Structure formats: C-alpha cells, structure tokens
Amino acid sequence: MKIFLDTAEIDEIRIAARWGILDGVTTNPTLYAKVGGSYEDILKQICDLTPGPVSAEVVAEDVEGMLREGREFAKLAPNIVVKVPMSEEGLEAISRFAEEGIKTNCTLIFTANQGLLAAKAGASLLSPFVGRLDDINEEGMDVVRELVPIIDTYDIDSEVLVASVRHPRHVTEAALIGAHIATLPFKVLQQMVHHPLTDKGIVTFRADWEKARKDAASKNAEPAAAGAAAGRQN
Ligand code: E4P
C-alpha cells in the first residue's frame with residue numbers, strides 16, 4: 001500500500017521523504033490555511049520534494065470555476081493531481097479533466113456509490129473519508145471495505161485512497177482490506193514508527209552495550225596494572 005502524507009507542512013514532507021516511505025502528498029484548503037502564504041508556491045515546493053502525486057484542491061463550486069482552478073494547478077508541476085469534491089458539478093469537472101489528460105482525486109467520498117460514480121467519471125484517485133464517518137458514530141472503514149472490491153471486480157483504473165485517517169489502526173485496516181493508498185497526518189506516521197517496547201528496547205540495548213564495554217575496558221586494565229605492580233616489586 002502506498003503511503004501519502006496529508007499535510008501542507010514542508011518540514012513534515014521533507015522528513016518523510018528522507019525516511020524513504022513517502023509515495024505522495026494530499027493537501028486541502030484547511031491544511032493550507034494552517035501554513036498560509038501562497039498556495040502555488042507551497043504546492044511547487046511539495047511537488048519538488050515528493051516522488052509521486054500531489055493533490056491540490058479546487059474551491060470553486062461550479063464546473064467552469066473548477067476547471068479554471070484545476071488547469072492552473074496542473075501547470076505547476078507534472079505530479080499535480082487536481083482534487084475535486086464529490087458533487088454533480090464535481091463529476092462533470094472530473095470527466096472534463098479526464099478528457100484533457102489532467103488527473104483528479106475525488107474528495108469527500110462517504111459511500112461506495114459515490115466512489116463508483118467518481119471512478120466512472122474518470123477520477124484517478126477516490127478518497128473515502130473514514131475518520132469523519134467514525135466521528136458521527138458510523139464505521140468509516142466499511143466504505144473502503146465495499147469500494148475496494150468494486151474497483152477490483154470491474155478492473156477499474158482508479159485507486160482507493162483512504163483519507164481522514166485518525167490513528168495507526170486505520171492504516172493497518174486499510175492495508176488489510178487492500179486499499180491502494182492511505183494518506184496520513186504526520187502525527188499518525190510517527191505513531192506508526194514507535195512502540196513502547198521498541199523505544200524501551202533501544203534504551204536497554206544501549207545501556208547493556210555501554211556496561212559491557214566498561215567491564216571489558218576495566219578487565220583489560222587489570223592485567224596491565226598487575227604487571228606494573230609486579231615490576232615495581234622486582
Ligand atoms: C484527504 O485528502 C483529506 O485532506 C483529509 O484526509 C481530511 O482529513 P480530516 O477529516 O482529518 O480533515
């Protein structure tokens with residue numbers, strides 16, 4: 001399963017890229033609002049750092065507006081994917097972008113049917129939001145459980161990108177279901193790296209190593225000290 005970062009923070013993207021696990025990045029207006037500045041400049045920097053697709057979200061609600069914003073994003077870098085919300089206008093825009101060869105990520109998907117429609121319109125990426133469904137006492141991962149086999153059954157080209165990920169368990173479940181991609185907040189990525197027993201193990205190994213080296217050094221010093229004492233007596 002591919003791992004994307006769900007962020008507009010350049011430093012987080014740089015770190016994940018250095019770890020060698022970064023396959024792509026998703027941004028949205030809320031994530032952009034957290035960093036501010038020029039969205040275009042931020043996207044260009046993200047595209048330079050990211051080996052795979054970088055999603056840039058349109059905010060227009062009408063087809064022509066979505067097309068205008070998306071075409072501008074697509075000019076920024078070859079790995080830009082235009083993020084379009086699921087709506088009647090969104091479907092039309094996705095289908096027009098597909099005709100123009102511009103890749104899209106259909107966002108705000110909350111049912112398998114919405115995912116199926118977005119795939120039929122030509123979206124490359126389908127983003128079911130699992131965390132927001134969990135937040136309203138539904139089982140968000142059920143949408144992924146339904147959508148992945150639909151995409152597989154009909155051999156559709158689109159990839160299921162599990163979004164609105166809240167914790168590492170979401171990532172494991174997405175991978176077990178066979179989702180193509182999960183996009184994670186940096187915090188969840190860090191949580192995946194760590195385990196209390198791993199962190200404790202590192203500390204214990206280090207302490208045991210240092211103790212063994214100290215013991216070995218003092219054992220080596222003992223015969224030399226004994227030899228010197230014997231020399232003084234003779
Ligand atoms: C995905 O592309 C979205 O940007 C994101 O996952 C939304 O997550 P949230 O529900 O935590 O805002």
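First, some ground rules. Residues are numbered from 1 along each chain as its sequence is written, and side-chain values use heavy atoms, with hydrogens and water left out. Because the model is predicted, local features need pLDDT of at least 70 and side-chain atom pairs count only at pLDDT 80 or more, while totals for chains, interfaces and linings use all residues.

Let me start with T27. It sits in the loop between β2 (24–26) and α2 (29–35); helices (H or I, at least four residues) and strands (E, at least two) are DSSP runs, numbered from the N terminus. Is T27 buried or exposed? T27 counts as buried because its relative accessibility is 1%, and buried means under 20% relative accessible area (1.4 Å probe, protein chains only).

What does T27 touch? Leaving aside residues up to four places away in sequence, its contacts (heavy atoms within 4.5 Å) include T7, Y39, S55 and K83. With S55 there is more detail: the side chain of T27 reaches the backbone oxygen of S55 at 2.7 Å.

Now the ligand. From S164, a polar backbone atom is 2.7 Å from an oxygen atom of the ligand. On its own the ligand has 340 Å² of accessible area (Shrake-Rupley method, 1.4 Å probe), and the protein covers 86% of that.

Definitions and conventions
Buried means under 20% relative accessible area, exposed over 50%, partly exposed in between (1.4 Å probe, protein chains only). A polar contact is a pair of N or O atoms within 3.5 Å; within protein, one must be able to donate a hydrogen and the other to accept it, and residues adjacent in sequence count only if both atoms are side-chain atoms.
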